[in-house]
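Let's take a walk through a structure together, one piece at a time. Have the sequence and the 3D view open as you read.

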Amino acid sequence: MNAPIRTIAVVGDGIGAWTAAAALAVRLPGVRVALVPHTARHRAMVDTVGATTPAALPFHVDIGWDWRDALARTGGAIRLGTQVTGRDDYVHAYGAVGQAAGARPFPAVWAAHGIRPFHHYAAGARLGLAAKAPSRDPALADAIFGLVLDPDRYARAVEGYAQHRGVMVPAAPLAEVARGDAGVAALHLADGTHLIADLYVDATGRERRLATPDDAAAWEDWSRWFPYTALTTATAPAEMLLPSLDRMTIADGAITVASHLPDRTIHLRLARAGATDAETLAPGRRQCGWSGNVVAVGEAHVVLPPMQGLPFHWLHTGIDRIVALLPGRDCAAVEVDHYNRTANDEADRLRDLLLAHLPLADDAPETLRDTVVEFARRLRWRQRDGEGFARDDWAQILFGRGIRPAHLPDGGDAEQGRRLLDDIDHRLAAAVAAAPDHRTFLEGLTR
Amino acid sequence: MAAEGAKAMRVVIVGGGTAGWMTAAALARLVPAAQAEIVLVESDEIGIVGVGEATLPHIRAFNTRIGIDEADFMRATGATFKLGIEFRDWARIGDSYIHPFGVFGRDTDGVGFHHYLARAGQIERLQDFSLPVVAARGARFAPPADDPESLLSTYGYAYQFDATRYAPYLRVRAEADGAQRIEGRVVAVDRDADGGRVTAVRLADGRAVAGDLFVDCSGFRALLIGDTLREPFEDWSRWLPCDRAVAVPCASQGPLLPYTSAVAMPAGWRWRIPLQHRVGNGYVYSSAHVDDDAARDALLAAIEGPALAEPQLLRFHAGRRPRGWVDNVVAIGLAGGFLEPLESTSIYLIQIAITALVELFPDGAIDPADRDEFNRVLGIEYDRIRDFLILHYHATERDDAPFWTRMRTMEVPDTLARKMALFRARGRVETYREGVFLEPSWIAVYLGQRIVPEGYDQRADAPDAAGLARAVERLHAVTAAAARAMPDHREYIATIGAAA
C-alpha cells in the first residue's frame, strides 16, 4: 500500500495533453511520463483560442519554462482582462482595484462616492483601454495579466518542451483501451504493442476516451443556464494598435469574443443553440474527474466556453491539482474522493463566475445566487470553498452589470472619499501615459 | 448609511456577561449612532459564567477595532500572552504536544514542511520546528515581526485573561460610546399580537424595555431564543458527552507560561490557564462517568497551589441552535450554542457572531436575507469547530477508563472521519475558506493525537537526502536559537508596563 506512482500515461494530443505531460514529468520526482497519441474527435477550446488567466504565469514558472520565453518563441501577447460590451459596458481586469480607506474596503468607497465606472480605478483596465502594458511604475503594481498564446505555435512549442523534459512518445497511436477492476488495465497501440502505467491521464477532451460509459454519462449539463452553445470561429488580420484586453459582446442572441494575437485576431461566436454550420459546445462537468487509476484533465473533465480565459485556467489549475494531490499507486478512495471534491468545488465556482456575466436566472446555482444576492444587498463577498478568483474580479463583473447595493455600506466622509478616488485616478492616468504600448512591451520580452 | 428618513434601531442586549458587553462595545463603536441606539439590560443579582479565559489570536483584531490599547487591557484583566495550547495525556498517558498559533518549519516549492520531515523519517520531531512551541516550552515570549522573511513572522499570539474583569472593562468603553445600561432582572417577554417578534422585555420592578432588535446574551438560560422563541437546540452530546465543569482559581507556582494546558483526566479534561495574578483551573467532565464530588476532589488534588475560592459547578450541553438569529432576536454566546473550551473557541464564537451582526446590521426593517446569511456563517463555524474538538477525543489509544474507551470507539461525523483518513493516508489536510482552524492547527492535532501519515507528498522526494538532512538540522538550530533569544514571558510583560 502507498507505493508511489512511478509511471504515468497521458492519452491525447494538442495543448492539453502535452501541457499535462510536461508538467507531470517536470514536477513529480521519480516519475516517467509517456504521451500516447490519440487524435481527439473535437478540437479543444485551448487549441482554438489561447487566452489564459494570470494562473498561466506561475504555471510556467513551476514547469521550468519562463513565460516570457514561451511568449517570445510562440508569438503570443498578454491580456489584462476583458472589455465587455453589448447588454452592459464594462471592463474586467485582473488584480486589485483602487485602495481601501482604512478598514473600509474600496468597493464601499466607490459605491458611495464614485462617479466614473468602477473599472476606472483598476490599473489593468486603464492600461487595457489604452492598449498598453504594465511598466515597473508602482502605481501599476496591481495590474496582473494572463497570456494570449498562439494556439498553433504554442502547441508545437509545448510538445517540444515536453519531449525535451523527457516525455516519451510511443511509435504508434492508441488503438484500444483494455479495462480492469481499477480502471484501465492497459493501452493497446496500433502497432500491436501495449503500454501499462500506474496512472492514466485522459486528455482526449470531450471524447473522454478513457472514461467508462458510466463515468462519461454522469454529466452535469450547464447549458440550461448558459444556452450559448453554437460555436463558430473566424480569423481576421491583427489590429494595428494591439489590444491588451479581449473584447466580448454579450447580447441576447449571441456572445462574441475577440482574442488578439500580434499577427491575427481570433473571433468566436457563441450563439443560442439552433444556428447552422456551428459546432456544439455545451458547458458542464463530469461528476468524477478521477475514477480508479484514470484522471481527466481539461475538457475531458469540465467544458467551459472560451470566455475570460477559462478553458486554459481550468487546464492549468487541474494539472496543478493532480501534482498537489497525487495519491499512491493504489489510488485510495479517500485520496481520490478528496481530489474530486476539491476539483468540483473549483469547477462550480468557475461556472458561477461565467454565469455572473448574465442576468441571474430564477433557477441559478445556489452558490452563485448567494454571491450575487449578498453583493447586491450589502457588497459582501465571502471567499467560498473552491474560489479561484478574488473579490475585485467579482466586483468588476457585478458592478459592471449594473448591480448596486440595496443597503449601502458606510462609505465614509464624502469629501475624503472623493479625494481618494481623484488621487487614484490621477496616479493611474500619469502611470498609464508613461507605460509602453502593448507591441513595444512584447518586443521588450525578446531582448 | 441609513436609508433616507429611517430612524435609529433600538437594540436591547439581554445579559451583561462577556458576550453582552462585547456586543455592546462593538455595536456602540462600529454602528453609527444614527442607525442604532444600544441598551443593555443586566442584573447584578446574576453572576457571569466568565468561561473562555483563554482566547485565540482573533481577539486582537476585535480589541483593535474597538480601540483598546494592549498594555492597558492586559493590566486591567491580569492578562498574559498565549502562544498555543498544550495537550497532555490525550493519545497516551505521558504524551504532550502544543497546538501553536503558527506554522511548522518552512514550506518549500509549495510542499508543506511536514512532508519533508516525513520523508526524512522524522515526523515525530515536528514540534521542534515551530518557534511558538519552542518558545512556549521555555516560558519565553516576544511579539511577532512584520518581515515575512523573518522566522519571527511565523506565529501569532492570543491572551489568557480574567474574563470576570473583561466584561466590566468593556462596559466602561461601551458606555463611553453611548450604550445605556439598565439594571434589572427580566421576568417576562412581550411579543406582538400574532406571537412573532419580541417587542419588549419586562423587568422585575414592572418596567418594560422596548426594542426593535434583541440580542440574547443570557447565557445557557437562552431567555429569548430558547424560552420565548423556542428555537430548538441541536444536541451534540453523542460526540461531546462532557456536560459539567468544576472551576477553581489557585495561586501561581513556577514560571509564567505563555500557553494554556488541557490535561486529559479519567472522565474528561482539566484546563490550566496562567494569568498574571492567579491560575485558572477547571475539570470538564462527563457526569455519566464521574460524580460531582469526585470530580471536585480530582480537580483540587491536581491544582498546583492553594485554592483561592470555592469550586464552582457549571452545567451545559454541547450543541447549537440551528438558527442563532430568529425573527428579531439574535443569540450571541452561550445562548446560541456551546462548545467546551478545549480549543479556546468560546470568545472567538462570540466575536464571529458580533462581526456578522455588525456587517449585516439592519438599516430599517430586518431583511430575512440578513438572518439567513448570519445563520449560514455561524453554522459553518460551529460545525467545523465541533469536528476539530471531536478529533482530540476520538484519536486516542487510551483504554484505561470507560470514558476514553467510549470516545475511542464512538462513531464520528462523516466530515471528520474522512478528514482523518485523508491525513492518515498521505499527511494531507482538508482545507477550507470559511472556518477558524487552518492547516497547521489540524497538522498539530493529528500528529499530537498520533495519527501518523502512511505516505507523504511525492514532491518531497525532490531534494537529495543529505541536503535535506542538513537543511532540517539548520532549521532546527535556527528555531532553537530564535526561541532562546526571546525574553522571559514574565519579564516581557513587565517591560510593556502591563504587570499587575
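Start with R179(A), which stands opposite V184(A) in β9(A). Before going on, some housekeeping: this is a predicted model, where local features need pLDDT of at least 70, side-chain atom pairs count only at pLDDT 80 or more, and totals for chains, interfaces and linings use all residues. Residues are numbered from 1 along each chain as its sequence is written, while chains are lettered from A and ligands numbered from 1 in the order in which they are written.

Strand β9 covers residues 183–189 of chain A, and it pairs with β8(A) in the antiparallel sense over six bridges. Strands here are DSSP runs of E with at least two residues, helices are runs of H or I with at least four, and both are numbered from the N terminus. Two strands pair if DSSP finds at least two bridges between them. Strands of a sheet pair through backbone hydrogen bonds, either parallel or antiparallel. In chain A, the order β8-β9-β10 makes an open sheet of three strands with antiparallel pairing. Its edge strands are β8 (174–180) and β10 (194–195) of chain A, each pairing on one side only.

Now look at L189(A), which is also in strand β9 of chain A. Leaving out residues up to four places away in sequence, L189(A) touches several others, including V36(A), P170(A), H194(A) and L195(A). Touching, or being in contact, means that the C-beta atoms, placed from the backbone, lie within 7 Å.

**A covered helix**

Stay in chain A and find helix α11, residues 391–400, where eight of the 10 residues are buried. Among them are W394(A), I397(A), L398(A) and F399(A). What do the buried residues of α11(A) pack against? Their partners are β6 (90–93), α4 (106–113) and α10 (366–378) of chain A. Just after α11(A) comes G402(A), with a positive phi of about 95°.

**Over to chain B**

Chain B has 15 helices and 21 strands. Its radius of gyration, taken over C-alpha atoms, is 23 Å, close to the 23 Å that the globule rule gives for 500 residues, so chain B is as compact as a globular protein of that length. That rule is 2.2 Å times the number of residues to the power 0.38. Buried residues account for 51% of the 500 residues in chain B.

An unreviewed UniProt entry annotates E343(B) as "binding site"; UniProt positions are given in the numbering used here, feature names are shortened, and annotations may be inferred rather than shown by experiment. E343(B) is buried, because 24 other C-beta atoms lie within 10 Å. Not counting residues up to four places away in sequence, E343(B) touches I85(B), I385(B), F388(B) and L389(B).

**Where the chains meet**

Finally, 24 residues of chain B are in contact with 29 residues of chain A. On the side of chain B that touches chain A, α10 (368–394) and α12 (414–426) of chain B each supply at least two residues. The most comes from α12(B), with five residues.

How values were computed: Contact = placed C-beta atoms within 7 Å. Buried ≥ 20, exposed ≤ 12 C-beta atoms within 10 Å, placed from the backbone.
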